[in-house]
Amino acid sequence: MDVVRNEPLLEVERLCVDFPGRGFRAKPNRVLRDVSFVIRPGETLGLVGESGSGKTTIGRAVLGLVPVSAGTVRFDGRDITRAGRAERRRLSQDVQVVFQDPYTSLNPSMTIESILTEPLTAAGTDAQEARRRVGALLDRVHLPADAAHRLPREFSGGQRQRIAIARAIALGPRLIVCDEPVSALDLTTQARVLELFTEIQENTGVAYLFVSHDLGVVRHVSHNVMVLYRGDVVEHGRAEQVTADPRHPYTRKLLMSAPVPDPAAQRLRREERRALAQSA
Ligand SMILES: Nc1ncnc2c1ncn2[C@@H]1O[C@H](COP(=O)(O)OP(=O)(O)OP(=O)(O)O)[C@@H](O)[C@H]1O
């Protein structure tokens, strides 16, 4: 993928996040240490690492959902680390999120039309105009117009994730934090939803911070990849470089555990894993 060269949209510099330690007088637990990266308009940064490495916390820090202990998060040149409620509301038009679980991220009692008009009316769009835009939003995620009057439970996991994507793009954001957006889906559905993310990016120029534990998924959609291990960045570079020529042993391990449908490639991986285990 060609990286769009431009001024940074999101600049995270030496970000540190602490959570309170467990127990009386316990020291705070530092879960992110000096994390720095840049995302330019139209670009995707894939963030990978095993469970507990701090991926979600980075996304939450960008969304202003966790307090930042040190460092800065700049969006469009402005430090948003300590943005107040009014600025956060303004930012919510520019920065949106798609969560992992398509079964819990949509309100089960709301029709798809209500789910999609909610962000629009909250941002001041007239209710009639908001309803008018629903058909176009559904079309952009390849769902039929009659989906508008149905409830989330009538849709499959992949279709629900399409609805969540339609909601995320309703306000024309410039950045979407995608937190494990395909992890709950089967492999075929994953591939289709990843294709949709790419198509939307090509059509709108939106940037993604794409969080996943699966390097195999991340390399399909990312221009750059950052690998996180226990709160530290251990590798950061162009997606092709990180996946073809990983520098860090942890990245190599992640790469070898990524599922591949091709049996010959899987055999090769098994052999590589065995060789690596013997040399360790
Ligand atoms: N609200 C919180 N309070 C205390 N500790 C937290 C909180 N949220 C996360 N943590 C801790 O911070 C660390 C990083 O968690 P985070 O959810 O960012 O990891 P992750 O890489 O996204 O993992 P997963 O893939 O399992 O979601 C973990 O040790 C976790 O237990």
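**Core, ligand shell and sheet**

Leaving aside neighbours within four places in sequence, leucine 175 is in contact with Leu9, Leu10, Ile39, Asp94, Val95, Val206, Ala207 and Leu209. The model described here is predicted.

**Nonpolar core**
- The largest nonpolar core comprises 68 residues, and Leu175 is among those with the most contacts inside it, together with Leu47, Val62, Ala166, Ile176, Leu209 and Phe210.
- Helix H5, spanning residues 157–169, supplies the largest share of this core, namely 6 residues.
- In soluble globular proteins, nonpolar side chains tend to be buried together.

**Ligand shell**
- Around the ligand lie Phe19, Val31, Gly49, Ser51, Gly52, Ser53, Gly54, Lys55, Thr56, Thr57 and His213.
- Helix H1 (residues 55–62) contributes the largest share of the shell, 3 residues.

**Sheet**
- Four strands form an open sheet with antiparallel pairing, in the order S2-S1-S4-S5.
- Strand S2 (29–39) and strand S5 (78–79) stand at the edges with a single partner strand each, so one side of each has no neighbour in the sheet.
- Strands of a sheet pair through backbone hydrogen bonds, either parallel or antiparallel.
- Strand S1 (residues 10–19) and strand S4 (residues 70–75) run antiparallel and are joined by 5 bridges.
- Cysteine 16 stands opposite alanine 70, which belongs to S4.

Technical notes. Residues numbered from 1 in each chain as written. Predicted model: local features only at pLDDT ≥ 70, side-chain atom pairs only at ≥ 80, totals over all residues. Core = buried A, V, L, I, M, F, W, Y, C linked by C-beta atoms within 7 Å. Buried ≥ 20, exposed ≤ 12 C-beta atoms within 10 Å, placed from the backbone. Helix = DSSP H or I, 4+ residues; strand = E, 2+ residues; numbered from the N terminus. Contact = placed C-beta atoms within 7 Å. Near = placed C-beta within 6 Å. Pairing = 2+ DSSP bridges.
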